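User: Please go through some of the labels used for this structure and set each value against its definition.

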Amino acid sequence: MEDVLSFKIVDQEYALPVENIESVVDKADVTPVPNSKYFLVGLINLRGRIVPVIELTKILGIDVPDDHIYENILVLKINEEEIGMYVDDVENVLSIDPTKLEKFQSKESVYSDKVKGVIKIENRLIVYLDLESILEAEFKK
């Protein structure tokens, strides 16, 4: 079994391994970084540490209404690096069996190479992200 944290961005529910989660903080003032990657919103000062904040919807190509306001920043530790990610709501911690993940059938899907699979729990479909692969691919561009 593996523990994951589920969260919402716009109307979709996603999950990441609990071991990558450091904290959830209220959305803070973000300082923009000129000439940065398209998905990097900017930097926040988190208890004296400078943490970059990303907008995952830009990487995944998900349309977000112009007036959309994120509620929280999920602070993650990925490959020993701290990174913040805009999220709307943090849902709950789930224990899942990784062998029971549903795989995407289409290789054309926006998610195909960015997810570990889909978690099905009752009437919920939760996209289990492979954030390490997503960030590695984006920072190489």
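Analyst: The model is predicted, so local features need pLDDT of at least 70 and side-chain atom pairs count only at pLDDT 80 or more, whereas totals for chains, interfaces and linings use all residues. Residues are numbered from 1 along each chain as its sequence is written, and side-chain values use heavy atoms, with hydrogens and water left out.

User: Why is Asn 72 called buried?

Analyst: Asn 72 has a relative accessible area of 13%, and buried means under 20%, exposed over 50% and partly exposed in between, with a 1.4 Å probe and protein chains only; Asn 72 therefore counts as buried.

User: What does the side chain of Asn 72 reach?

Analyst: The side chain of Asn 72 reaches the backbone oxygen of Asp 88 at 3.1 Å.

User: What makes the rings of Tyr 38 and Phe 39 an edge-to-face pair?

Analyst: Their centres are 5.2 Å apart and their planes stand at 90 degrees, while rings of Phe, Tyr and Trp (its six-membered ring) pair if their centres lie within 6.5 Å, with planes under 30 degrees apart counted as stacked, over 60 as edge-to-face and the rest as tilted; the pair is therefore edge-to-face.

User: Are Tyr 38 and Phe 39 buried or partly exposed?

Analyst: Tyr 38 is partly exposed at 43% relative accessible area, whereas Phe 39, at 0%, is buried.

User: How do the residues lining the largest pocket divide?

Analyst: They divide into five nonpolar, one polar and four charged.

Terms used. Nonpolar A, V, L, I, M, F, W, Y, C, P; charged D, E, K, R; others polar. Polar contact = N/O pair within 3.5 Å; in protein donor to acceptor, adjacent residues only side chain to side chain.
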